[in-house]
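Q: I have a structure open and would like to go through it piece by piece. Can we start with how the strands pair?

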Amino acid sequence: MEQTPVHEQHNDDLLTLIPTEVKTLVEIGCSSGALAREYKKINRHCHYIGVDIVPEYVKLAKRFCDSAIVLDIETADTEFLREKLSSECWIFADSLEHLRDPWALLSKIRKIIPANGCIVACIPNAQHWSVQARLSIGDFRYQDMGLLDKTHLRWFTRATIVEMFENAGFQIVAGKPRILDEPDREKFLPLIHAMASSLGVDADLAVSDAIPFQHVVKAVPVGACAAVEKKEGVFSSLSAMLRGAKR
């Protein structure tokens with residue numbers, strides 16, 4: 001199956017979550033290397049490794065990555081990850097949802113990541129109002145890109161993003177919703193509120209969770225959270241952060 005079309009744009013919200021002082025980073029699904037291009041402007045002395053399953057994308061990424069390899073990351077065992085991709089920061093820019101078993105990969109990374117390491121990720125929101133609206137009329141048709149990208153194998157909401165990282169031994173310490181300018185959503189949010197109320201759950205939370213197009217998060221190994229809190233002076237879960245999503 002063809003992968004998501006390559007592009008030269010980077011995710012600035014994700015970029016701001018990447019630590020600026022790390023020596024080695026690995027990006028899974030590096031595409032054209034656009035994120036590496038921008039990060040190297042901030043930390044030019046780092047060693048940035050790009051990984052992608054598409055050879056043509058890897059060729060493009062080599063323009064900006066210090067090294068780039070063609071690899072189906074899910075076929076790599078823990079020893080390979082330790083020997084070839086050891087890193088202080090793992091980056092998943094809209095790639096976890098393309099994996100067959102992202103939960104297993106995060107668990108592998110947990111075994112080898114240093115105590116001061118982190119994962120930063122951008123993940124599409126399957127609870128987005130537009131997906132709910134389409135489902136209500138049976139219009140669940142895959143597209144070349146976007147929330148219904150035909151290469152997406154897994155689907156996540158804010159709640160299940162938190163669960164995925166926690167079950168793999170990580171704690172989310174920073175994050176934000178990526179909210180687009182979508183005037184049409186105001187017609188659908190009251191309906192989502194009513195549906196959640198009928199289910200007897202927090203309707204206001206259901207509405208706020210339907211607004212983000214994507215979530216960007218930073219997670220650290222469990223046990224490192226106290227050090228992160230002390231260093232950054234703040235500690236919040238993704239749940240608390242994203243409940244403030246505004247219309």
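A: Strand β4 (residues 89-93) and strand β5 (residues 118-124) pair in the parallel sense, over 5 bridges. Keep in mind that this is a predicted model.

Q: Which residue in β5 is the bridge partner of Phe-92?

A: Phe-92 has Ala-121 as its bridge partner in β5.

Q: Through which helix does the chain cross from β4 to β5?

A: Helix α5 (residues 102-112). The β-α-β crossover that the chain makes there, from β4 to β5, is right-handed.

Q: How many residues of β4 are buried?

A: 5 of its 5 residues are buried, so β4 is mostly covered because buried means under 20% relative accessible area.

Q: And which residues sit on which side of β4?

A: Cys-89, Ile-91 and Ala-93 are on one side, and Trp-90 and Phe-92 are on the other. These residues are all buried, and both faces of β4 are covered.

Q: OK, on to β1. How many bridges join β1 to β2?

A: Strand β1 (residues 24-28) is joined to β2 by 5 bridges, and the two run parallel. Val-26 has Ile-49 as its bridge partner in β2. Between β1 and β2 the chain passes through helix α2 (residues 34-42), in a right-handed β-α-β crossover.

Q: Is β2 mostly covered or mostly open?

A: Mostly covered: strand β2 (residues 47-52) has 5 of its 6 residues buried.

Q: Where does the sheet go from β2?

A: To strand β3 (residues 67-70), which runs parallel to β2 and is joined to it by 4 bridges. Ile-49 has Ser-67 as its bridge partner in β3. Here the chain crosses from β2 to β3 through helix α3 (residues 55-61), and this β-α-β crossover is right-handed.

Q: Back to α2. Which of its residues are buried?

A: Ala-34, Leu-35, Ala-36, Glu-38, Tyr-39 and Lys-40.

Q: What do the buried residues of α2 pack against?

A: They pack against α1 (12-15), β1, β2 and β4.

Q: Where is Ser-32?

A: Ser-32 is in the loop between β1 and α2.

Q: Why does Ser-32 count as buried?

A: Its relative accessibility is 1%, and the cut-off for buried is under 20%, so Ser-32 counts as buried.

Q: What does Ser-32 touch?

A: Leaving out residues up to four places away in sequence, Ser-32 touches Val-6, His-7, Glu-8, Tyr-57, Leu-60, Ala-61, Arg-63 and Phe-64. A polar atom of the Ser-32 side chain also lies 3.5 Å from the backbone nitrogen of Ala-34.

Q: New topic, rings. How many aromatic pairs does the structure hold?

A: It holds 6 aromatic pairs. One of them is Tyr-39 with Tyr-48, which is tilted: 6.2 Å centre to centre, with 50 degrees between the planes.

Q: Are those two tyrosines buried or exposed?

A: Tyr-39 is buried, with a relative accessible area of 1%. Tyr-48 is buried too, with a relative accessible area of 0%.

Q: Why is the pair of Phe-140 and Tyr-142 called edge-to-face?

A: Their ring planes are at 80 degrees and the centres are 5.7 Å apart, so the pair is edge-to-face. The angle cut-off for edge-to-face is over 60 degrees.

Q: How accessible are Phe-140 and Tyr-142?

A: Phe-140 is at 32% relative accessibility and counts as partly exposed. Tyr-142, at 48% relative accessibility, also counts as partly exposed.

Q: Which residues do ring pairs link into a cluster?

A: Phe-140, Tyr-142 and Trp-155.

Q: Last one, the whole chain. How many helices and strands are there?

A: The protein chain has 11 helices and 7 strands. Of its 247 residues, 51% are buried. Among contacts with a separation of 6 or more, 73% are between residues 24 or more positions apart.

How values were computed:
Residues numbered from 1 in each chain as written. Predicted model: local features only at pLDDT ≥ 70, side-chain atom pairs only at ≥ 80, totals over all residues. Heavy atoms only, no water. Buried < 20%, exposed > 50% of the residue type's maximum accessible area, 1.4 Å probe, protein only. Pairing = 2+ DSSP bridges. Right-handed = clockwise from strand over helix to strand, strands pointing away. Polar contact = N/O pair within 3.5 Å; in protein donor to acceptor, adjacent residues only side chain to side chain. Contact = heavy atoms within 4.5 Å. Phe/Tyr/Trp six-rings, centres within 6.5 Å; stacked < 30°, edge-to-face > 60°.
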